[in-house]
Amino acid sequence: MPGRRIDLHTHSTASDGTTPPEELVRQAREAGLDVLALTDHDTTAGWAAAEAALPAGLELVRGAEISCISGTISLHLLAYLFDPAEPVFAAARQELRDSRTSRAERMARMLEADGTGVTWERVRQIAGGTVGRPHVAQALVEQGHVATVSDAFAPEWIGTGGRYWVDKVEIEVMDAVRMVAGAGGVSVFAHPRATVRGRTVDDQVVVDMVAAGLGGLEVDHVDHAPQERQHLLGLAAELDLLTTGSSDFHGTAKTVQLGACTTDEAAYERLVAAATGVPVVYA
Ligand code: AMP
Ligand code: FE
Ligand code: FE
Ligand code: ZN
């Protein structure tokens with residue numbers, strides 16, 4: 001089936017997206033997508049609602065985006081079609097979510113103590129699911145301190161290393177790659193060259209990740225400039241990795257639209273063939 005439109009990286013209200021999973025699958029079909037992956041941060045909580053609401057003609061890839069670290073550099077690992085009940089990886093996701101809750105509470109309480117009007121109760125209410133900085137950012141928008149969620153990611157607010165920023169638990173990336181494989185999943189390094197987000201790891205880390213079982217690189221992503229995509233394509237060819245393109249849709253929390261970048265059919269078929277955790281789902 002050549003020519004299908006495949007978007008392998010999206011977020012719902014189960015993490016820091018603003019679209020509920022059941023609405024996301026509907027919007028995906030409306031946007032002309034044939035395959036959609038749901039990849040909420042550190043959680044599979046949106047899977048069931050997305051499956052239950054799956055419209056005809058849309059194929060659902062169940063996934064997650066895992067918070068990882070290499071040295072002092074934070075990075076994201078997309079995990080696809082893993083068994084959610086596999087205990088080692090499930091325990092790791094739980095630890096990541098617990099840490100997200102305690103750090104968001106600390107950030108909110110610091111903001112509260114400084115009289116910003118932001119409260120932990122409100123942030124928790126905004127979040128609903130797995131809490132992230134975008135939820136704290138939304139509370140800052142509500143209180144009129146910043147105009148947009150993006151503007152809150154500044155040094156004087158909750159930008160990395162910023163005044164009200166608190167770090168969170170992140171999994172050593174080689175362990176994360178092994179855990180995804182151990183749960184029958186396929187891992188893809190998310191936006192590996194997103195220099196706009198901060199420091200990125202060098203190619204040796206990717207080489208080491210391949211030895212640990214990495215399946216692919218996310219190449220086409222709004223945060224990658226053309227020369228960064230070219231570099232990643234070369235690296236993927238050298239290391240025999242599959243390459244993906246995805247929107248990283250977050251609803252109204254970011255400006256990018258569903259299907260803004262897409263994945264080739266051949267790469268997608270390779271990804272599906274390599275997974276043994278859970279199957280793709282059709283309506
Ligand atoms: P956290 O994982 O809680 O530390 O928050 C990071 C999340 O914030 C990312 O996954 C993005 O969804 C979002 N984010 C990071 N930088 C920005 C930005 N400049 N504007 C809007 N959202 C951002
Ligand atoms: Fe996010
Ligand atoms: Fe990410
Ligand atoms: Zn993402």
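Buried is used here for residues under 20% relative accessible area, exposed for those over 50%, and partly exposed for those in between, with a 1.4 Å probe and protein chains only. By that definition arginine 197, at a relative accessible area of 36%, is partly exposed. The model is a predicted one, in which local features need pLDDT of at least 70 and side-chain atom pairs count only at pLDDT 80 or more, while totals for chains, interfaces and linings use all residues. Residues are numbered from 1 along each chain as its sequence is written, chains are lettered from A and ligands numbered from 1 in the order in which they are written, and side-chain values use heavy atoms, with hydrogens and water left out.

Donors to a metal are N, O and S atoms within 2.8 Å of it (3.2 Å for Na, K and Ca), and water is not among the atoms, so sites may look incomplete. His9 (NE2), His11 (NE2), Glu65 (OE) and Asp248 (OD) coordinate the zinc ion (ligand 4) at 2.1 to 2.3 Å. Four donors count as tetrahedral if all angles lie between 85 and 135 degrees; four count as square planar and six as octahedral if opposite donors are over 155 degrees apart and all others between 65 and 115; anything else is irregular. Around the zinc ion (ligand 4) the four donor atoms subtend angles of 78 to 172°, so the arrangement is irregular. The spacing of its donor residues in sequence is H-x1-H-x53-E-x182-D. Distant parts of the chain are linked here, with glutamate 65 in strand S3 (residues 59-70) and aspartate 248 in the loop between strand S8 (242-245) and helix H9 (265-274), 183 residues apart. These elements are DSSP runs numbered from the N terminus, helices (H or I) having at least four residues and strands (E) at least two. Glutamate 65 is buried, at 1% relative accessibility, and aspartate 248 is buried too, at 2%.

The iron ion (ligand 2) lies 4.7 Å from the zinc ion (ligand 4). Histidine 41 belongs to strand S2 (residues 35-41) and histidine 250 to the loop between S8 and H9, so the pair ties together parts that are 209 residues apart in sequence. Histidine 41 is buried at 7% relative accessibility, as is histidine 250 at 3%. A distance of 5.7 Å separates the iron ion (ligand 2) from the iron ion (ligand 3).

Salt bridges come next, each being a side-chain nitrogen of Lys or Arg within 4 Å of a carboxyl oxygen of Asp or Glu. The whole structure holds 19 of them. The zinc donor aspartate 248 takes part in one with arginine 197, where the closest N and O atoms are 3.2 Å apart. This pair also links distant parts of the chain, since arginine 197 sits in the loop between strand S6 (186-189) and H7, 51 residues from aspartate 248. A network of salt bridges with shared partners joins Arg4, Glu59, Glu265 and Glu269. Glutamate 142 and arginine 122 meet at 2.5 Å, N to O. On a 1 Å grid over the protein atoms alone, a cavity is a set of points where a 1.4 Å probe fits but cannot get out, and a pocket is an open set with protein on both sides within 12 Å along at least five of seven lines; lining residues have an atom within 4 Å of a point. Grid points are joined across faces, edges and corners, and a volume is the space filled by probe spheres set on the points. The largest pocket holds about 1400 Å³. Among its 49 lining residues, His76, Arg133, Phe153, Thr160 and Arg197 lie nearest its centre. The largest cavity has a volume of about 30 Å³, and helix H7 (203-212) and helix H8 (226-239) are the elements that give two or more residues to its lining.
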